[in-house]
Amino acid sequence: MLNKEDLEMRTAFDLTPYRRSTVGFDRLFDALENSFRAETQDSYPPFDIVRTGEDSYRITLAVAGFRPDEIDITAQQNQLVISGQKTEKDEDGVEFVHRGIAARAFERRFQLADYVEVRDADYEHGMLTISLQRIVPESLKPRKIAIGSREHVNDDTPQLTEDKAA
């Protein structure tokens with residue numbers, strides 16, 4: 001069972017000592033700190049992240065009650081932001097006894113690794129599916145280096161000849 005002290009200790013991890021002794025890891029530490037904060041945030045809408053290949057992923061969000069034109073998807077600088085805002089349309093003469101279909105606004109943020117790009121987004125049956133692909137530039141991909149051999153190509157090398165007497 002998780003008590004309040006455990007939760008505070010888990011979300012209040014201090015990365016300051018690591019920031020002082022490292023150079024160039026600011027984005028990593030920012031992402032870690034943001035993920036600690038995100039754990040305590042609202043979990044709406046629910047989502048799945050699936051690895052579909054070596055360098056491809058799919059994020060699926062359950063956004064029932066929203067139309068595609070009420071959802072905004074923005075990808076910028078290693079971050080994917082998905083937000084939804086219902087348009088205010090009150091149905092005249094309708095009295096709800098219970099309203100269980102979500103109508104509240106949401107914003108869900110995902111930190112993307114370097115070179116991960118959004119390929120496409122689809123909406124079907126209340127499910128928003130976003131396909132991601134890691135595209136590493138050719139200059140950063142590992143490459144094989146062939147090992148050459150030096151062959152003697154000059155004619156100064158002594159050669160054996162057979163001397164036959166006639």
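## The nonpolar core

Let's start inside. The largest nonpolar core has 15 residues, and the members that touch the most others are Val-63, Leu-80, Ile-82, Leu-128 and Leu-132. Four strands each supply two or more residues to this core: E2 (56–62), E4 (79–84), E5 (106–111) and E7 (127–134). The top contributor is E7, with 3 residues. Keep in mind that this is a predicted model.

Now zoom in on Leu-80. Skip its neighbours within four places in sequence, and Leu-80 is still in contact with Ile-59, Ile-73, Thr-74, Ala-75, Arg-108, Arg-109, Phe-110, Leu-112, Val-118, Ile-130 and Leu-132.

## Strands E4 and E5

Next, take a look at how two of those strands sit together. E4 and E5 pair in the antiparallel sense, with 6 bridges between them.

Phe-106, Arg-108 and Phe-110 make up its covered face, while Glu-107, Arg-109 and Gln-111 are on the uncovered one. Why the every-other-residue pattern? In a regular strand, side chains alternate between the two faces of the sheet.

Phe-25, Leu-28 and Leu-32 make a nonpolar surface patch of about 260 Å².

Leu-32 belongs to helix H3, which covers residues 26–38. Is Leu-32 buried or partly exposed? Its relative accessible area is 32%, so Leu-32 counts as partly exposed. A patch member needs over 30% relative accessible area, and Leu-32 has 32%.

Methods. Residues numbered from 1 in each chain as written. Predicted model: local features only at pLDDT ≥ 70, side-chain atom pairs only at ≥ 80, totals over all residues. Heavy atoms only, no water. Core = buried A, V, L, I, M, F, W, Y, C linked by side-chain atoms within 4.5 Å. Buried < 20%, exposed > 50% of the residue type's maximum accessible area, 1.4 Å probe, protein only. Contact = heavy atoms within 4.5 Å. Patch = residues over 30% accessible without salt bridge, like charges linked within 9 Å, V, L, I, M, F, W, Y side chains within 5 Å. Areas by Shrake-Rupley, 256 points an atom, 1.4 Å probe, with all protein chains shown as cover. Salt bridge = Lys/Arg side-chain N within 4 Å of Asp/Glu carboxyl O. Pairing = 2+ DSSP bridges.
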